[in-house]
Amino acid sequence: MPQVAFTTNSAYKIRSKPTGPPMLPKEVASSLSTQWPCRDLQIRQLASLLSPHVPSPPTLVVHGISATCKSTILRAVLATVEVPHAIVRSSECITGRHLLTKILWNTLETLGQKEEWEKSGKGRCEQVSGLAVLLEECLAARPVDNQGKFVLVLDEIDRQREAPHTLLSALARLGEIIPSLCVLLVLSSTPRPLFLQSAAVPHVSFPPYTRKEAIHIILSSDAPVLDGLPDETSSRVYPYFVSTVYDSLVGPTAGSIPDFRSICDRLWPRFVAPVVNGETPPGGNDEWDFSRLLVKNRAIFRHQGESALVHRIVPDETPASAKRAPLAKTAMPSALPSLPYFSTLILTSAYLASHTPQRLDTIFFSKFSSSSLSARNKRAHHRRRLKVLSQAQAEERQAANDDPSTPNKKGKRTKTRITKSTLSSAFATSSATTSAIGGGAGIAGPSTILTAPTPLRVAAVADRIYAELATLRRLRLVVPAASHSAMATSSGNTTADAGDKWCVNVSGDWVGELAKGIGVEVGEWLAGGLD
Amino acid sequence: MDADGLNDALGLSNDKSQNLGAYIYQPSKHGKSAWERPSKRRKVSSTADRDEQLNRQRFVPLLNGDENTESVQLRHDTYRELWSKQENKIQDILEDVDAGVLTDVLSFVRDTSLQTCDGCIPTALVTVGSNVSSLSRLLSRLNGQLISTEEGSVVVLESGDAPNLKTTLKNIIRAAVTNTDGNDGYQKFLTDRAGPRLLGYDLDLLHDYVQRKGTKKLVLALRDSEAFDPGLLTDLLSLFKSWLDRIPFTVLLGISTSVELFEGRLPRSCVALLQGKHFEVQEAGNCVDRIYETLQTDPDTNLWLGRNVTSTLFENTSDYFQSPEAFSRMVKYAYMSHFFANPLAVLLAKPDSTVIAQNKLCEAVRNLPSFRMFCEDLVEEGPTKQVRDMLEDDEYLIQETPKYLEANQQRMRNMFQAVRVVHVCLQYTQSTKKANVSDLSVRALSGELSESPIVEEMVAAAKTLDSDKLDELLVRLGAIINNPEANAIQEDLRTLLETCSESGPLRSGYSINSTVTKTTVVQQRIRLSKGQADLSEQAVEYTNIVDRLVALLQVHLTESLINPQDLFLHEAFLFDLRNPLKETFAPRPRFAIERALATPFDYLLSSSDVTMAKVSAKQPATSILYQLYLDSGALVNVHDLWQAFYGVFETEEADGCDDRVVMSLFYGALSELKAFGVIKNSRKKTDHLAKSAWMGL
């Protein structure tokens, strides 16, 4: 389905005389079906409901999930049946007031009364009741021979930001108040019964495309042209390929038609690569057929196909090499950022502090127990014990890591709260051990390995901790515990006084990798972390 | 030679203000003072005069105030001149560093459009790492380029500008319009429109603007993308997406962590709106290294940063988020403190002898530790006449000092050239770990480089180089060492290579390939003996060349890698005080407050002579309470605290102290501690206080 870009202002211009006889719904459907197949029923419904010669219902609801061609069909039908209409995209309106103003404006523009804006409330409109009055006035101001019906399309009206809860039902009343107006609400979610608080509003449903329809749509355009691929092979193999892609990738994930098309376009060159490269088909045959290509390219549907489903901001630069080991590539940890030494240390200690039960704090993070033998034994004991406890969890995580379909799946979000004191005590350990090294103390126990490669060189760290913590917070590696739940609503993220508890916002593996860079082995300090 | 010695020598510690126990801060009163007219009515010309006057008196006379104004002025001017030169160099480096990314981003912005991105918003992801400031440099240059070619402009948005959708849109529109038309242009743009006044956040405004200007690319740069609220970002991007067919947006996201992390935090639906490319800005570390190298090793440098300063500078860069600009500010501060506080800095201005004679500068020079060392050396060498002259004859000293200064500065320059030589050689010989100029400089500045294992290994490795690599090395060395011998070696090598160009690279007699291990069995024991393999004639000749080069290198390095602290007058051209720099750029307010509370007599003058080991009633009440608080656990019973507090006063003033007065002191102290944020009411027990700060943590 080609996405045709319409502008909001591309509204129907009123013509003085209708040209030619009106089209019947059937004719409208047949003329539009060539461009947008498999939507005959909806086109016929809309065409008959909106026809300029038949009275329309005051309100009409069009609903269906995204990428089912609602808006495109609607625009096409309105253009074809030649009824005056104005379209407002609700997603472009920031507030309810903005929406009402926009409705008024687009209506005025379509009616050619833009110059007379001062008459209609000076272009201002803050209430739906006001809108009703103003709309009625401008519709009445039309020339007498043009007093036909007027269609107002509100696209994605259920996604309106800052909408008062009465907005939808109030808008639905507009058509009842103004007889010549037909309000058309386009929803992308399935409406609940009587959501407009009025009975018997006609609904036109746009269901998702079925398998047959989707394949039909894709096949209605030709296979992508490739150099070195004979047309004959292409036309023979492509239909099978498309249906295989649908069955394996698109159907199970409820993908939309544009997704389907882009996956086909991306995978097709790889799929027929053996033919293009002139490899000899197996089994003594001298020609590739679909089943042989499929057997050869099983991997495509397993790994690359799944990665093709996930949209990336930066598209994969090396699409051709099918020989690379896909598992090894995707299982690699993501590239690490280059945080300065001190920030990394703070992040690591924050992670440690949040992952150690409070009762074990004294064993793991006490200045006095860091080097003594008994404390080490105790630590080792706790590491083992907790490991046994969390073995089931660990296995589950292992499975998640091995699963190639989720290459970037985060580990379990850490919800443990860290208090300032545990963070600090975790931190104090590291500084205590390193100061021992810096001072050249004779005993360098195993615990001093903690930061041995790059000893901490700053004497007064207390003043620096909060500054670096603020930076980490700006990067959202650490988020305040209080606003963690309310992160979506409040964006006052950089204010200081949101409490003194934080959550680590990144996965443990990631922190571990980062900590290795500064010579800290996280597992050594984590209860149940040592394998 | 430590900092204290230098302080003594320069008479810095005589300054009375340093011995004061406490400072009283008196904010200057603005506005309503009886004798001054309100600042509003002040004439412009008079302020200009005052500024000029201030400018002249920015530096204070040193040497106990005996320094004359001329020399103060000279110090100031020299500083200005020196720093402006260095600043230009730094700017050049910064621009050069950004140039690569800038062209990449610019071409991306020009080439991509809605169509090339499959209907997604074209997005440039720029990872900046810890080099945060580089993005704003990049953006301002990008903006300049786009405006100059009238293709469009850049709108920079920070997370602070984006508290909610409405304000964000308002800010974007305003920034886009003011960027080209100025603030008045924005006001005009809002008012001079046909039709009704639109709401400030209506993107129709931006659309209108884009149409008027004929903008082809409107780059919207989010400088700190991570700090944006994800929900807001999603809203904003979906809005852009729906306007994309009318307003040619390109989004540029600055990312400090990594692309994967950033992408993972956004909702899928938001990621699906974006498509683009990833750019990487060079790390701050590289940039800083280059700046440092240029500042120190440039042949016309007059003032150098010492070992302590260097290590402080690099510590800051590697440990914290620090931009190259911040680095250059620290260097500037170092230069400034040198010229501000060191009267000898006037020597760098190459003043007339009259200027030196008028001051007590001769006395200052004679008090230098390096002068003493210098004299001792002279005495050991024999002639005492010169030493006597220098000690007694001002004229002679004035005459000699600039000569020595010049000579020793030249030796410093040579030393840094040697550092560069070592650095270049290391690039050829060292395969695993790359030592950078800053590390080498720190070693050289402490006089350890010539004996360090790095240099020894380097020389050993240089012997085994084959002729191709050696040729490259010589070319690069030739640019640094201006020595006829080096040129001769290079020419000899060339002629040798020309004679045997077909036989591939030559190897010297020191490389592994040309030593042979012989195995002989003597009395049932195996004896290994190494011997030279037979070398071809050319190889022998090549070995000779290598020998000559190594000898040259060794002579050159031992000659020039001296300990700068041994140089006479190094106090004048080497700034090596760690303290002002460290305290200024890493202040420790918390430490200071804790110390003041715990041991108040460190700051306040004590009336009694008793050493204050413990709590006493003579201390301020807040401090007494704080010390008691330090002794307590995480939860403190208020009554216990009050008892202890009262006890302090009771013991000292045995004859009945007024407990109402003590009580009021106690409440005052308690509320002050609360204001500091060290205690708060506990929710667990009503009559308890919770401790919320620990000393030193």
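**Confidence**

The model scores ipTM 0.75 and pTM 0.74. Chain A has a mean pLDDT of 69, with 64% of its residues at 70 or more. Strand 1 of chain A has the highest mean among the elements of that chain, 91. Helix 13 of chain A (residues 326-331) has the lowest, 36.

Chain B averages a pLDDT of 79, and 84% of its residues score at least 70. Strand 3 of chain B (residues 217-222) has the highest mean of the chain B elements, 90. Helix 1 of chain B (residues 3-10) has the lowest, 44. Over residues 1-19 of chain B the pLDDT stays under 50, and the model has 22 contacts for them beyond four places in sequence. Where pLDDT is low, predicted coordinates should not be read in detail.

**The sheet of chain A**

Chain A holds an open sheet of 5 strands. The strand order is 2-3-4-1-5, and the pairing is parallel. Strand 2 (85-89) and strand 5 (203-205) of chain A are the edges, each pairing on one side only. On average, neighbouring strands of the sheet are turned by 15° against each other, direction ignored.

Strand 1 (residues 59-63) of chain A runs parallel to strand 5 of chain A, and 3 bridges join them. One residue pair to find on screen is A:V61, whose bridge partner in strand 5 of chain A is A:H203. Strands of a sheet pair through backbone hydrogen bonds.

Helix 4 (residues 96-110) of chain A lies across strand 2 and strand 3 (150-155) of chain A. Helix 4 of chain A runs at about 150° to strand 2 of chain A.

The table sets out one pair from each chain.

| Helix pair | Axes come within | Crossing angle |
|---|---|---|
| Helix 5 (residues 128-140) and helix 6 (residues 167-177) of chain A | 10 Å | roughly 30° |
| Helix 3 (residues 69-111) and helix 12 (residues 324-341) of chain B | 10 Å | roughly 165° |

In chain A, the axes of helix 5 and helix 6 cross at roughly 30°, which makes the two helices roughly parallel. Helix 5 of chain A passes helix 6 of chain A in a right-handed crossing. Helix 5 of chain A contributes A:V128, A:A132, A:L135 and A:E136 to the contact. Helix 6 of chain A brings A:A170, A:L171, A:L174 and A:I177. By class, this contact has 7 nonpolar residues, no polar ones and 1 charged.

In chain B, helix 3 and helix 12 have axes that cross at roughly 165°, so these helices are roughly antiparallel to each other. The crossing of helix 3 of chain B past helix 12 of chain B is right-handed. From helix 3 of chain B, the contact uses B:R75, B:T78, B:Y79, B:L82, B:W83, B:I90 and B:L94. From helix 12 of chain B come B:P324, B:S328, B:K332, B:Y335, B:M336 and B:F339. This contact has 9 nonpolar, 2 polar and 2 charged residues.

How values were computed
Residues numbered from 1 in each chain as written. Chains lettered and ligands numbered in written order. Predicted model: local features only at pLDDT ≥ 70, side-chain atom pairs only at ≥ 80, totals over all residues. Axes fitted to C-alpha atoms, helices over the stretch in contact; angles between N-to-C directions. Helix = DSSP H or I, 4+ residues; strand = E, 2+ residues; numbered from the N terminus. Parallel < 35°, antiparallel > 145°, perpendicular 65-115°, else oblique. Left-handed = near helix turned anticlockwise from the far one by under 90°. Contact = placed C-beta atoms within 7 Å. Nonpolar A, V, L, I, M, F, W, Y, C, P; charged D, E, K, R; others polar. Pairing = 2+ DSSP bridges. pLDDT = per-residue confidence, 0-100.
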